[in-house]
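Hello,

Here is the structure for your files. My notes on its cavities and one of its sheets follow below.

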Amino acid sequence: MAKRLFVKGNEAVAMAAIEAGCRYYFGYPITPQSDIPEYLSRELPKLGGEFIQAESEIASINMLLGASATGVRAMTSSSSPGISLKQEGISYMAGSELPGVIVNISRSGPGLGGIDASQADYFQSVKGGGHGGYHIVVLAPASVQEMYDLTMLAFDLADIYRMPAMVLGDSVVGQMKEALVANRRPETKLPPKDWAVRGKGDGEQRVVKSLFLGDGELEAHNWRLHAKYQELKERETRWEEFETADAQLLVTAFGSTARIVKTAVLMARDAGLKVGLLRPVTLFPFPEKALLQATQQCKKVLDIELNTGQMVEDVRLSVARDAEVYFYGRPPGAGSLPTPEELFEQIRKYY
Amino acid sequence: MQQVFKKPVSLKDVQTHFCPGCHHGTIHRLVAEAMDEFGVQKRTIGVASVGCSVFLYGYFDVDVVEAPHGRAAAVATGVKRAKPESFVFTYQGDGDLAAIGTAEIIHAANRGEDITVIFVNNTTYGMTGGQMAPTTLVGQKTSTSPYGRNQSKDGAPIRMAELLSQLEGVAFSARVAVNSPKNLMDAKKQIKKAFQYQVEGKGFSFIEALSSCPTNWGLNPLMANSRVGTEMCDYFRLGVFKNTENL
């Protein structure tokens, strides 16, 4: 049986990366995720891996691009302003169909903002972020255990679909310590990396690129990427439902905010209100079908986020026209995490 | 009969798309000849940058990764660290390496990454249409310096080969040109030296190759070629600026 540990969320990410077979990490320090590079700078050399503290976030994402192109499992991590800098490389990796894991332990913005928790990177994460119209896998852990499990999953999804995968945590799940069962890497059938550059040897030349100038080549490439995103929606959507069976009001929330919502849902249940929570675990692909199904009987949805309203747009797009969608959010700012009581009041208001 | 001259096996048998009088093709050939001589073709991973040089994979018969504008040295770092047994080179223009990619090149050089960088300096942004580059000579007219580069406003042209030679991690740094048979022979020699450093695992090697751009300079191929030997070589002095092992 796997050991039960008491660790920080950021450490869980680093441990999961190692368990997933990642031996190459490229990054740049930024609060509140620096535990990840610190952990990996200590552990990767012992495993014959490489840790590079790059000169910038831009350099580190491009080191990831280069390493991933050779077929190895590699990772970078950062926090919001750093992720903005990485967007160029993420777009190129998406265009070049390169796997690679990017961890965003997000903080508040815009600009330098602050270092407290925020969910204001939702748009940036799921709607592209960089140029050119693409998607990456986005996973939103709500606990230290999920920081571990979803990081391992991110490596598999990235390899299976040949695209970057992001673990979108925040400073709450990154910095808190709780129990972790460090499971072994699950057996997953992965496709061969017969596209990776390796030195051609006696084989055919391999080129990893995102430039397509031939007649119709780029259009075909984009349609193929689109088909991949559709396949992800069909096969890889993940979500958690909590007290939803008889819910009259469905609350949607992701990541650390969903944990506060859970307490508020229990308070509502105690008060006799039939309230449930649907928590998207994959933000891309978004659990559209699950939401549509959940709102067949329950016609009221309250979306709660630690921002002024981002995921709520996807919630609205997912539910049928006759379901009402309300929003309650708090923009980032020091000490502005909502309390369960505060959220319970909102639930009561819209119930 | 003995064959004394042939196409390098590391080059594909294709027609060039470069403009008449451009030196890219010549520099490609010298790099391919060095690959052949060291027998590294089969373990080579090239890193293509943007601009005219991006089409690397159309000419070299080696595996290639394409990098975003300026980031080739960082991409090459990732490639080499993940596959240390491979021979890794980047091929970058002046807009790429000396402007947007200065941080990446300086830090890859300073880390002493065991890669070879081929830096093609034609004092302008070629594919983008002849705009001012960090290497544009003072007084040179380009589409974004229509009155000529003004040193007090635009700064002086950056001498990358000299600049990088200051860094501890750099094992070899040289500037060459291919505008005359003599310079071409010397260029071949220096490119081979640069390769040898990596083959022997001795650190970062850098070749700056002065190149013509007849189309964007508005000169015919002969005049462009002659400008390399006069104006360019006058400011960008040819030579070896660092050679740690005297290979």
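By class, five nonpolar, six polar and two charged residues make up the lining of the largest cavity (Ala, Val, Leu, Ile, Met, Phe, Trp, Tyr, Cys and Pro count as nonpolar, Asp, Glu, Lys and Arg as charged, and the others, Gly among them, as polar). This is a predicted model, in which local features need pLDDT of at least 70 and side-chain atom pairs count only at pLDDT 80 or more, while totals for chains, interfaces and linings use all residues. Residues are numbered from 1 along each chain as its sequence is written, chains are lettered from A and ligands numbered from 1 in the order in which they are written, and side-chain values use heavy atoms, with hydrogens and water left out.

A cavity here is a set of points, on a 1 Å grid over the protein atoms alone, where a 1.4 Å probe fits but cannot get out; lining residues have an atom within 4 Å of a point. Grid points are joined across faces, edges and corners, and a volume is the space filled by probe spheres set on the points.

The count is two cavities of 30 Å³ or more. The largest cavity holds about 60 Å³ of space. It is lined by 13 residues, of which A:Ser106, A:Gln119, A:Leu168, A:Gly169 and A:Phe254 are the closest to its centre. Strand E7 (164–170) and helix H9 (255–270) of chain A each supply at least two lining residues (helices, H or I of at least four residues, and strands, E of at least two, are DSSP runs numbered from the N terminus). E7(A) gives the most, with three residues. The largest cavity lies between domain 1 (4–236) and domain 2 (239–350) of chain A, because both give residues to its lining; the domain bounds come from an automatic or database domain assignment.

The second largest cavity has about 40 Å³ of space. Its lining includes A:Arg73, A:Asp159 and A:Lys193. Strand E5 (100–106) and helix H6 (144–161) of chain A are the elements that give two or more residues to this lining, and H6(A) gives the most, with three.

As for the sheet, five strands of chain A form an open one in the order E10-E12-E11-E14-E15, with mixed pairing (two strands pair if DSSP finds at least two bridges between them). The edge strands are E10 (239–242) and E15 (324–329) of chain A. Strand E14 (residues 300–305) of chain A runs parallel to E15(A), joined by six bridges, and A:Val301 stands opposite A:Val325 in E15(A).

Regards

Technical notes
On a 1 Å grid over the protein atoms alone, a cavity is a set of points where a 1.4 Å probe fits but cannot get out, and a pocket is an open set with protein on both sides within 12 Å along at least five of seven lines; lining residues have an atom within 4 Å of a point.
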